[in-house]
Amino acid sequence: MTNYKARHGAPSTLAKFAARGGVVAAAAAIAASGAGAFGTPADAATTPLQVSFGTQVAGDGSSAGFNPSGDPVLTLGSGASTTGAYMTLTNAPSDVPSPSSEPTFTTNNYTAGSPRYYITLSNGKSLVGYRSQQTDGVDSNGMSWGVGNGAPYTDWAAALNSAGVDSSTTVTGVQIIADGDQASGTTDTLTNVTYDGMTVGGGTVSLPSLANQHATEGTGFSVADPATTTSSDPALAYTASGLPGGLSIDPSTGTISGTPAASGQFAVTVHAKDVYGDGSAYQHFVLDIHPAAPAVTYTVTGNGTAGQVKNVHSGKFLNVASGSYATGNKLIQWDNSGKSHEKFQVFTVTGSDGSKTGFLEAEGPGGNYLVTASGEGELTLGAQAPTLSGATSAAFATSLQKGGSNAGADMLKSGSYYTFPNDSGYVMDVSGQSTANGAKVIAYKKNNGTNQQWSLP
């Protein structure tokens, strides 16, 4: 048998209840969409059986709804013959099923009678089916049926015949009702509720256990641990309580995400519920949000006034080829000329978190350029930069530190070596250990040669 879920809908209203011992005289009509003849099977594979609940008199203590296990529960109030609770199959097929698909239900309470099926027909008659301790006309499944208020009760097939059901007869309403026929205060938990091969209730939803979660204030966070369900329609709806500001749960997927706005420990409860209303589960975990780390600030310090950088091996000085300052121009070594294109300065970017990097800047009369390098190759001029003498703007320092648009190749002076932290083990070198004017200045693996050693005056 296909297991279908039931869901809450807008409750229908019974026209009236008969006195104790009677049956419902009339029920709110359910529109017969695509009405068919008796004996035509419903499309149980594609039409979930939906349910709405209601009570006859508001405030008399009657109630109707699903319990946590997904079973319908009808409870009578204290209004004697006027009390009542009911469930309506809101999309029950408009064609009455064949005798082999007789509607059934069981209940945990047979005291003073039981709830009953009430099926209204297009020919003005009604079929009333009890699940009780009666012995007259009881089917093998425990149901007995009558037509309207008539007696005696008999089996389903005989009741269909007595009601004059033929190929033109359709259903206009299907309900299960508990009312004044039972004792006030009676509660019935219904199980095995079937109609035309479909089943109401009985599904379960489960959420796995979730370890305590950790996040940081002001930093994006996400956790997904979705529920599972035995429902043949697995759609679930999620809610969560206890989340800090900045975090929310996706009602369709159960994913919690966002940016925590506060630190602390938060007890979070996730609730996953079958959208048809008959199964749910809860999950509890602690979300530990650490305070945000202090913002890192950066400062830039230079080595003083720009000056000449001298190679220990050749005795010549770092030079901008042809004295031409433009991005991509090469660096060479040359005799001391006293020209501006021999002026360089090393500066260091230091973060408040202890991080440190640095750059070499060529300072010329028409502009200043960061020296760049990548792997083993000739050094060139990179992006144009402002004069870096002492501290500079925090934004510029941050850009240098983080490799932004102002950054050149990371380059620090370590003793007598200019090192390139981004290219581990590389230092500033003179190609071929040359002592000639115009020899290329390159980045090269450190070998401790004097041609790799430099000094500032």
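Predicted model: local features only at pLDDT ≥ 70, side-chain atom pairs only at ≥ 80, totals over all residues.
How many cavities of 30 Å³ or more does a search of the whole structure find?

1. The search returns two cavities at that cut-off.

2. For the largest cavity, the computed volume is about 70 Å³. Its lining comprises 13 residues. Those lying nearest the centre of the cavity are Asp225, Gly254, Ile256, Val270 and Gln283. By residue class, the lining of this cavity consists of ten nonpolar residues, two polar residues and one charged residue.

3. Six strands form an open sheet with antiparallel pairing, in the order E1-E4-E9-E6-E7-E8. Strand E1 (51–55) and strand E8 (143–147) are the edge strands, each pairing on one side only. From one strand to the next, the twist averages 20°.

4. Within this sheet, strand E4 (residues 84–89) pairs with strand E9 (residues 171–179) in the antiparallel sense, over five bridges. Tyr86 has Ile177, in E9, as its bridge partner.

5. Strand E7 (residues 126–131) and E8 run antiparallel and are joined by five bridges.

6. Is the edge strand E8 largely enclosed or largely open? Four of the five residues of E8 are buried, so the strand is largely enclosed by the rest of the structure. The cut-off behind this reasoning is that a buried residue has under 20% relative accessible area.

Notes: Residues numbered from 1 in each chain as written. Heavy atoms only, no water. 1 Å grid on protein atoms, 1.4 Å probe; cavity = no way out; pocket = protein on both sides within 12 Å on 5 of 7 lines; lining within 4 Å. Points joined across faces, edges and corners; volume = space filled by probe spheres on them. Nonpolar A, V, L, I, M, F, W, Y, C, P; charged D, E, K, R; others polar. Pairing = 2+ DSSP bridges. Helix = DSSP H or I, 4+ residues; strand = E, 2+ residues; numbered from the N terminus. Axes fitted to C-alpha atoms, helices over the stretch in contact; angles between N-to-C directions. Buried < 20%, exposed > 50% of the residue type's maximum accessible area, 1.4 Å probe, protein only.
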